[in-house]
Every structure is written in structure tokens, then in C-alpha cells.
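This report describes the secondary structure, the nonpolar core, the surface and the charged pairs of one protein model. The sequence and the structure are shown first.

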Amino acid sequence: GLRQLGPFVQQVPLRCRECRGKGVAFSKLDECKTCEGKRVVPLEKTLKVTIEPGMSNGEYIDLKGEGNFNPDSGETGDVIVILKQKKHPDYMRAGEDLLRPLSITLAQALCGFTVPITHLDGRVLVLRSDPGKVVRPGQMRSVPGEGMPNRKNAVLKGQLLVKFHVAFPESLPEDSVGALRKALETLPAPPSGGPPVAVDATPEQLSEGIECFLHDCASDEQKFLRAAMGMGHLGGPDGDDDEDGEG
């Protein structure tokens, strides 16, 4: 096409109005009734996607040549499948490791247990804690080789981490309190270096002190710490107070 620029005439390429730059033009009477002149038609196809062991959330699988066909270039695109990992009611994943929360009774925590759990692949694993090996609330133990497969070598697997929640009883029968206390008092002393363990009051302290009864409350320790941190009141036994000096 020609374009006038003052005393000069410039020749520039223009898009053909007939073929719209495709290089081929058809009369409306000659157009295919199925594709309506687009030279492609929709096609449904079932694709098989292989999920390899160890693949994780966000990884993608490229199915070459399974995308749309471009009639102008003669090339076919790809289909990109992006993996989205579903949540599991019992297991959480972190790379090659698995985390499994598990609630046990106080008796199991103190005296040992053999607890069966069902793994992701349907196998039943029996978790064993020997008698005398105490499990603390919030403690984690691991089962090597029972995590997720390694992405490059499926023979190698991560570990299964078990986080224990110890379910304490709401109350105890009065006739069993004495026997339970007597049995627990024979336990060895806690290791040194930790916080001091509370001891029962002496008769003098009971007679002279002010007796206070503990009540259930809905307060949360983390909520309290966040509030204290926001107010600048986090000093104390568990807080960090980096400021030196008096006041």
C-alpha cells in the first residue's frame, strides 16, 4: 500500500482484506459447512496421564502434540497438565517426609503401646513403643523409609514422622487416685537442666497460704504470647528481653 507523507510517498505492507493475512481466500459459497472456513473442527479425545512416584504439588506433565492444531503454521501445540495435590485427612507431606498426627491415651504414653495405622498405600503399619519409654505430649518419632518416594529414585523414601497427642482423662475415680499416685511417685526424677518441677505444699504452707482452685479456661498460650508481644510485655521466664539496664 502507498501512504502520502508530505511531498513523499511511502510504501508499506498492508494486511489483505480478502484473506486477512492467511494467504488463502474462499468464497462464502465454497466454505466448509462443518468448520465454517476455520479449517479446524473441535475433537474430543481421552488422554492418558502417568503420575510418577514422588511427583509433588505444582509439577507439570507436558503431553507433546496433544494440543490445538494451527492451520496457518501447520503445527500442533501441547497439553500441559499441572498437578494439584489433594489434602489427606490423616497425612501431611513435606517433600519426601510424611507427618501423621496420632492421639494416644495417658496409659499408652507411660506404659508403651502397639498401635496399627493404615498407610497411604493401604498397608497396615504397627507402631510400637516399648514399655518404660515415655511419650511426651507433642513429641515426634520417626519411621525411616515410610515416607514419600524420592523423585529421581523411587527405591529411596523419606521418613514417616508421627506427632503424638496424649489424651488425658477428664477425671479419675477416687478409689484409684491413691494407688496411681503411689505408682507414679516411684518413677525416677526428671532430668536436670529443665524447668523446676513443682512439689506438693508442706502442712505449714497449707495452713498459712491462700488456697486457690484452678478452673477451666478458653485462653490459648499462643494467643497470649502474641498479645504480650504486641504490647511489648514479653519479658519473663519464656520471653526474650534484649534491653539491658534498669527499669
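Strands (E, at least two residues) and helices (H or I, at least four) are DSSP runs numbered from the N terminus. A residue is buried under 20% relative accessible area, exposed over 50%, and partly exposed in between (1.4 Å probe, protein chains only). The model is predicted: local features need pLDDT of at least 70 and side-chain atom pairs count only at pLDDT 80 or more, while totals for chains, interfaces and linings use all residues. Residues are numbered from 1 along each chain as its sequence is written, and side-chain values use heavy atoms, with hydrogens and water left out.

**Strands and overall content**

The protein has 4 helices and 12 strands. Of its 247 residues, 15% count as buried.

Strand β8 has a covered face formed by Leu98, Arg100, Leu102 and Ile104, and an uncovered one formed by Asp97, Leu99, Pro101, Ser103 and Thr105. Two strands pair if DSSP finds at least two bridges between them. Strand β7 (residues 92-94) runs antiparallel to β8 and is joined to it by 3 bridges, with Leu99 of β8 as the bridge partner of Met92. In this hairpin, 2 residues lie between the strands, and Gly95 takes a positive phi near 70°. With β12, β8 pairs in the parallel sense over 8 bridges; there, Thr105 stands opposite Ala167.

**The nonpolar core**

A nonpolar core is a set of buried Ala, Val, Leu, Ile, Met, Phe, Trp, Tyr and Cys residues joined through side-chain atoms within 4.5 Å. The largest one has 16 residues, and those with the most contacts inside it are Leu102, Ile104, Phe113, Ile117, Leu160 and Phe164. Two or more residues come from each of β8 (97-105), β9, β10 (124-129) and β12 (157-167), and β12 gives the most, with 4 residues. Contact means heavy atoms within 4.5 Å. Leaving out residues up to four places away in sequence, Phe164 touches several residues, including Leu102, Ile104 and Phe113.

Pro116 lies in strand β9 (residues 113-118) and counts as exposed because its relative accessibility is 55%. Beyond its neighbours within four places in sequence, Pro116 is in contact with Val124, Leu125 and Val126.

**Charged pairs**

Side chains of opposite charge can pair when their charged atoms come close. A salt bridge is a side-chain nitrogen of Lys or Arg within 4 Å of a carboxyl oxygen of Asp or Glu, and the structure holds 8 of them. The table gives examples.

| Pair | N to O distance |
|---|---|
| Arg151 and Glu52 | 3.0 Å |
| Arg151 and Glu59 | 3.1 Å |
| Lys64 and Asp78 | 3.7 Å |

Lys64 lies in the loop between β3 and β4 (69-70) and Asp78 in the loop between β5 (75-76) and β6 (79-82), so this pair ties together parts that are 14 residues apart in sequence. Lys64 is exposed, with a relative accessible area of 61%, whereas Asp78 counts as partly exposed at 36%. Salt bridges that share partners join Glu52, Glu59 and Arg151 into one network.
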